[in-house]
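Here is a short briefing to read beside the model.

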Amino acid sequence: MSSFLSNFVSSYNYYIIIFLMISGLYIVVSRGNMVKKLVGLALFQTSVYILYISPGKILNGTAPILSDDFSLYSSPFPHVLILTAIVVGIATLALGLSLVIRINEEFGTIEEDKLFEDEI
Amino acid sequence: MIILTLMAITTLGIIKLRNLFSVVVLSSIYSFLMATLLLIFDAVDVALTEAAVGAGVSTVLMLTVIYYTKTTEEEPKHSSIIPIMVCLAIGGLLIYGTYGLPPFGASDTPLHNHVSAQYLQRSIPETGVPNVVTSVLASYRGFDTLGEVIVVFTAAIGVISLLKKDNS
């Protein structure tokens, strides 16, 4: 029982990441409002950030800024990748939001169901 | 662990609420929790970026959009059983996938023993920068950062051409 509990605690970050990931996916798939869809997409992206960063952490380690006082550092490599991903994420979000504004100007709604109704 | 749980609760709020203003504010709270979590995971540079970009800029952008459009979301017409089933199936597969991943905080994983250790050893002699994230970002993987600038530039061109008012 205690080994099960310690396994659960040491994998808790993965479970929460998976929860965030599938709730982002759920929002994207099931909600018709486009702003909400983009929020779901952002949720999915940020869950991937934690998925990358959390294995880089070493217990009792410190941030990867070299100094004589410390010898154990967390891995700097995922941090670099995710810095790039955050900036790309905000770029895609801005593009998506401007698409939403254009759709609202053109059709007067940002609800997916109404857009499909108009088409028929 | 507490912050991870708080993030999950915030996500439930985002799913449940139909007022888009509250959704945007909750996603801002989510981003601040995320920045705190990254600080705990020793990713200080990423935490700064997330607090500025995720909680600041993206919130402002979304608030601008809901100023131009409507602030309430309508009830979805389709039933949400199929999306729930698909999401649960994918979640089950992902949880099965975690059995191969190392436990949290371990230091004997491949991630820490190959390229990361090299970066930590070589940063001072080869680039002279004590912050290893900076030296990797700007020196070892400089072309990656150049590609990132191109992506942002392309996105900016897209936004400008979408929002430009037609004079004709």
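Arg141(B) is partly exposed, with a relative accessible area of 25%, and its side chain meets that of Asp144(B) in a salt bridge with 3.0 Å from N to O. Asp144(B) is partly exposed too, at 34%. A salt bridge here is a side-chain nitrogen of Lys or Arg within 4 Å of a carboxyl oxygen of Asp or Glu; buried means under 20% relative accessible area, exposed over 50%, and partly exposed in between (1.4 Å probe, protein chains only).

This is a predicted model, where local features need pLDDT of at least 70 and side-chain atom pairs count only at pLDDT 80 or more, while totals for chains, interfaces and linings use all residues. Residues are numbered from 1 along each chain as its sequence is written, chains are lettered from A and ligands numbered from 1 in the order in which they are written, and side-chain values use heavy atoms, leaving out hydrogens and water.

**Other salt bridges**

- Over all chains, the count comes to 4 salt bridges.
- One of them joins Asp42(B) to Lys57(A), with the closest N and O atoms 3.1 Å apart.
- That pair crosses between chains, from the loop between α2 (20–40) and α3 (44–68) of chain B to the loop between α3 (34–53) and α4 (77–107) of chain A.
- Asp42(B) is buried at 9% relative accessible area, and Lys57(A) is buried at 10%.
- Arg102(A) and Glu105(A) form a salt bridge with closest N and O atoms 2.8 Å apart; they are 3 residues apart in helix α4 of chain A, so about one helical turn separates them.
- Arg102(A) is partly exposed at 29%, as is Glu105(A) at 44%.
- Arg102(A), Glu105(A) and Glu106(A) are linked in a salt-bridge network.

**Chain A overall**

- Chain A has 5 helices and 0 strands (DSSP runs numbered from the N terminus: helices are H or I of at least four residues, strands E of at least two).
- Its radius of gyration is 20 Å, well over the 14 Å that the globule rule gives for 120 residues, so chain A is more spread out than a compact globule. The radius is taken over C-alpha atoms, and the rule is 2.2 Å times the number of residues to the power 0.38.
- The C-alpha atoms of chain A fill a box of roughly 65 × 40 × 15 Å along the principal axes.
- Buried residues make up 56% of the 120 residues in chain A.
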